[in-house]
Amino acid sequence: MSRPRKQVHLAAHFPGVNNTTVWSDPSSGSQIDFASFVHLAQTAERAKFDFLFLAEGLRLREQNGEIYDLDVVGRPDTFAVLAALAGVTEHLGLAGTISSTFNEPVEVARQFATLDHLSEGRAAWNVVTSWDAFTGENFRRGGFLDEGDRYERARAFLETATELFDSWRGDEIVADKEAGRFLDGPAAGAFAHHDRHFDIEGRFSVPRSPQGRPVIFQAGDSELGREFAASSADAIFSRHATRDAGQSFYSDVKGRLAAHGRSRDDLLILPAATFVLGDTPGEAEERAREVRYQQVSGATALRLMEQVWNRDLSAYDPDGPLPDVDPLLGEHTVAKGRASVRMHRDPLATAQEWRERAAADGLSIRDLMVEVGNRQSFVGTPQQVADTIDSLVQEDAADGFILVPHLVPGGLDEFADRVVPLLQERGSFRTEYAGSTLRDHLGLPPLGRGRTAEAAS
């Protein structure tokens, strides 16, 4: 018997602080103005997307001792934006990235429980572990944790926050005006948690929210990140949007669930993906090439190469050959606050590989950085893109995609108008929201009431 057709899950990522965003395009608007968030969120809701996703930036990035302003800089507060969006949307899930390294469980649980109430059950928390000392300098304790301790704290943080969410069963408020009694019983909100990271007890101030707790997302790709997601998350973001890489990641993470007493349907795999559309395949390819060169100006190309060479390359011509000097090694890096720096663990080997590639293909510095930094996942006509997305989901390379438009605020409009209807025609994507909560949209089972929820997390 054939398997039922899988439903595609789609989410919209508000483009953030990297060179995916083309802020210099004439049609690009503000990254801060609330109207930009409203436009993208309402477009996603019009297209029946599952949720809107916000990433987080806890400190402005720097390079060569200066603010890195070639990318968009500055982000408003996640909770303030999502709470405001709850008032101008009705169905769309609202997902925010909040670090478990530089926050406290009581604060985060209170904010997410409040967002879940304000949105009537549409909140999601992307649990991340901030990694660098540079970012840590912005916080009262300073510094950072090594990878093992970061994930241990993240597990303890999520466990503690879940205890806080579950400190209310959901039926304590009786509001009996005749009897003058508001609460039924003395235990509402009572919690006590004692471990290496958190030694707290008291009463949690927010009654149980519509979903019980926010939907939990996780974004790590390391061994520890995959295990954390398999044990605790409802969905995992990945960067594996191609068929082979996606199927390998999908199989690996789904295969870990049984060891944690979970089924394959308890965790969704949602890679980030970009798109460029055209009326013909050739037009789409040409538009994609134009976008790539908008994203990587000559100045940006030099800064990206500096992140491997770890030295000032401003004297080089971006349209000329690669530097004839080797990368500088050592703990000190010219780029601060960029996770991409960690991707090049052997700068000398990367430099040699890039030199050979540039020589073989006749690439300048800018050409090479365009090629190696290409993030475009889906390029083609609307029909080609719909076919590709659907086939990747049906063939278990993903359960859906988090789309990252390169323009704010109108970058999702064309996808909503031209690709979504094609997915709906083939029965792979909803035409109306069937439920009211984000858990409903994602097809996740509801949680139990109060202190029974941990069995489902």
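Analyst: Helices (H or I, at least four residues) and strands (E, at least two) are DSSP runs, numbered from the N terminus. Here, strand β4 spans residues 66–67 and contains Ile67. The model is predicted: local features need pLDDT of at least 70, side-chain atom pairs count only at pLDDT 80 or more, and totals for chains, interfaces and linings use all residues. Residues are numbered from 1 along each chain as its sequence is written, and side-chain values use heavy atoms, leaving out hydrogens and water.

User: In what order do the strands of the open sheet with β4 lie?

Analyst: Two strands pair if DSSP finds at least two bridges between them. The order is β4-β3-β15, with antiparallel pairing. Strands β4 and β15 (335–336) are the edges, each pairing on one side only. Strand β3 (residues 62–63) is joined to β4 by two bridges, and Glu62 stands opposite Ile67.

User: Why does Ile67 count as partly exposed?

Analyst: Buried means under 20% relative accessible area, exposed over 50%, and partly exposed in between (1.4 Å probe, protein chains only). Ile67 counts as partly exposed because its relative accessibility is 47%.

User: Which residues form a nonpolar patch on the surface?

Analyst: Like charges are joined within 9 Å, and nonpolar side chains (Val, Leu, Ile, Met, Phe, Trp, Tyr) within 5 Å. Accessible areas come from the Shrake-Rupley method with a 1.4 Å probe; for residues, only the protein chains shown count as cover. The patch consists of Leu60, Ile67 and Val73, with about 230 Å² of accessible area together.

User: Which residues touch the most other members of the largest nonpolar core?

Analyst: In soluble globular proteins, nonpolar side chains tend to be buried together. A nonpolar core is a set of buried Ala, Val, Leu, Ile, Met, Phe, Trp, Tyr and Cys residues joined through side-chain atoms within 4.5 Å. Of the 79 residues in the largest core, those are Leu10, Phe49, Leu85, Phe112, Trp125, Phe401 and Phe415. Helix α5 (residues 147–165) supplies the largest share, eight residues. A second, separate core of 19 residues includes Met305 and Leu322.

User: Which residues cover the two faces of strand β17?

Analyst: In β17 (residues 400–403), Gly400 and Ile402 lie on one side and Phe401 and Leu403 on the other, all buried. Strand β1 (residues 9–13) pairs with β17 in the parallel sense over four bridges, with Ala11 opposite Ile402. Strand β13 (residues 268–273) also pairs with β17 in the parallel sense, over two bridges, and Ala272 stands opposite Ile402.

How values were computed
Patch = residues over 30% accessible without salt bridge, like charges linked within 9 Å, V, L, I, M, F, W, Y side chains within 5 Å. Salt bridge = Lys/Arg side-chain N within 4 Å of Asp/Glu carboxyl O.
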